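Here is a short tour of one protein model, written for someone who likes to look at pockets and packing. Keep the viewer open and follow along.

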Amino acid sequence: PCAIMFLDLDGFKPVNDTFGHPKGDAVLKGVAQRLVKEVGDTGYVGRMGGDEFAIVIKDAHDRKVIENLADRLIQSVAQPYRIDKVEIRIGVSIGCAFGPIDGQSVDDLIQKADIALYQAKNQGRGTCCYFNAEMQSVAEHKLKIEQDLAHAIGAGQLRLLYQPLISAADQSLLGFEALVRWHHPTRGVVPPTEFIPIAEETGLIMNLGDWVIEEACRAASTWPEHISIAVNLSARQLGLPALPATVNAALSRYRIQANRLELEVTESVFLEDTAGSLDVLKRLRALGVGIALDDFGTGYSSLGYLNKAVFHKLKIDGSFVREASDNKETVAIIQSIVQLAKSFRMTVTAEGVETADDFTRMRDLGCHQIQGYLFGRPMDFDRATELVHGTQKKLTA
């Protein structure tokens with residue numbers, strides 16, 4: 001019995017970006033020395049490339065010994081590295097597979113250790129995961145979803161649904177949020193919570209995102225000029241410097257005023273490449289499109305984001321709306337968000353409004369716009385168009 005461990009450093013990319021490659025190389029040497037020291041003569045340590053290492057343990061009869069080694073490796077790598085008077089901190093995630101239980105061949109074990117490493121990274125990093133059969137079936141399912149999604153984008157299996165956005169002042173229709181749905185020929189409707197993360201991980205989100213922008217602009221071009229359309233952007237999309245050109249091309253193609261298009265992002269976009277994401281957002285804003293900060297207050301809120309003169313709207317997550325009915329602290333949070341938005345001259349939208357009481361409460365707290373099942377579930381293009389023209393008649397009556 002043997003064991004193969006795959007190790008991937010957490011937080012190493014910013015080291016190269018911030019301190020330069022010479023210091024990054026010095027950190028890698030430091031990591032290698034610590035790994036070799038912990039493993040000793042019980043196995044072999046190798047660098048696979050980049051910031052990835054592998055360890056082969058010759059004798060893995062006692063699983064507990066391997067688990068203890070993994071804990072020591074994680075603690076050792078996490079200790080600070082002092083390089084030219086600079087203190088650098090990183091972490092490590094580990095995936096482990098045991099032979100011959102998990103695989104009879106080297107290739108088999110490497111694949112299983114890699115799957116376990118992926119799981120470790122997903123669990124929040126700084127952990128070790130051990131391969132099991134469930135991980136294999138999850139990995140195979142994700143691969144199938146990835147392959148099917150790549151085909152779906154060009155095969156007409158994707159649809160946009162449109163959820164109404166309502167004025168809190170007079171309950172008139174202001175626009176819609178476009179939500180993508182996947183109608184799989186054999187699986188039926190695949191929920192976005194299942195395919196969007198896979199699209200982000202594999203890079204398919206770029207093609208998917210381009211399709212959504214194109215389709216949303218096409219829909220909006222058939223509606224009156226006072227009806228806006230909102231599209232959700234992934235953090236991965238904001239890593240594309242070409243995104244503003246893609247948006248501008250769609251606006252031009254369908255002859256839509258830029259201020260009718262709103263792009264929604266969540267605070268997760270700032271977790272990694274803050275400078276690059278902000279640059280793309282500013283270029284998008286320069287086109288004249290609106291930028292909304294979605295799910296505000298539920299993620300990695302930093303008021304510093306708001307001071308970048310990028311956002312024109314804050315969207316309050318539905319969880320706050322629901323809790324406001326019997327929680328004074330939540331009401332205080334919403335009041336603070338509204339006041340904050342007012343200071344920055346931003347619009348506030350309350351999401352997840354499902355009852356008349358929710359609506360009255362959010363309106364009275366100062367929210368400008370309302371979204372939720374009370375005024376309509378996501379609907380197809382034809383139904384949305386009927387709603388648009390029905391509202392027009394009401395407004396002109």
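## The second largest pocket

In this predicted model, the second largest pocket holds about 1,100 Å³ of space. Its lining is made up of 39 residues, and those closest to the pocket centre are E177, L179, P192, N232 and D294.

Which elements supply at least two residues each to this lining? They are the strands β9 (173–184), β11 (228–232), β12 (261–266) and β13 (290–296), together with the helices α6 (192–202), α7 (205–220) and α11 (318–323).

Empty space can be found by rolling a probe the size of a water molecule over the atoms. The structure holds one cavity of 30 Å³ or more, and the volume of the largest cavity is about 30 Å³.

Around the largest cavity you will find L165, F176, E177, A230, E262, E264, K313, K315 and Q371. Two or more of its lining residues come from each of β9, β12 and β14 (313–316). By class, this lining has five charged, three nonpolar and one polar residue.

Now turn to helix α3, which runs over residues 63–78. From the first C-alpha to the last, its 16 residues reach 23 Å, close to the 22 Å expected at 1.5 Å a residue. Within α3, the buried residues are I66, L69, A70, L73, I74, S76 and V77. These residues lie on the same side of α3 because they cover an arc of only 165 degrees around the axis. As a rule, an α-helix has 3.6 residues a turn, so residues three or four places apart point the same way.

What covers the buried residues of α3? The cover includes the strands β1 (2–10), β3 (52–57), β4 (81–83), β6 (91–99) and β7 (128–130), as well as helix α2 (21–39). On the face turned away from the buried side, α3 carries the exposed residues K64 and Q75.

## The whole protein

Zooming out, the protein has 14 helices and 16 strands. Its C-alpha trace spans about 85 × 50 × 45 Å along the principal axes.

Of the 397 residues in the protein, 46% are buried. Among contacts with a separation of 6 or more, 66% join residues 24 or more positions apart.

How values were computed. Residues are numbered from 1 along each chain as its sequence is written. This is a predicted model: local features need pLDDT of at least 70, side-chain atom pairs count only at pLDDT 80 or more; totals for chains, interfaces and linings use all residues. Side-chain values use heavy atoms; hydrogens and water are left out. On a 1 Å grid over the protein atoms alone, a cavity is a set of points where a 1.4 Å probe fits but cannot get out, and a pocket is an open set with protein on both sides within 12 Å along at least five of seven lines; lining residues have an atom within 4 Å of a point. Grid points are joined across faces, edges and corners, and a volume is the space filled by probe spheres set on the points. Helices (H or I, at least four residues) and strands (E, at least two) are DSSP runs, numbered from the N terminus. The expected span of a helix is 1.5 Å times one less than its number of residues. Buried means under 20% relative accessible area, exposed over 50%, partly exposed in between (1.4 Å probe, protein chains only). The arc is that of the directions from the helix axis to the C-beta atoms. Contact means heavy atoms within 4.5 Å. Ala, Val, Leu, Ile, Met, Phe, Trp, Tyr, Cys and Pro count as nonpolar, Asp, Glu, Lys and Arg as charged, and the others, Gly among them, as polar.
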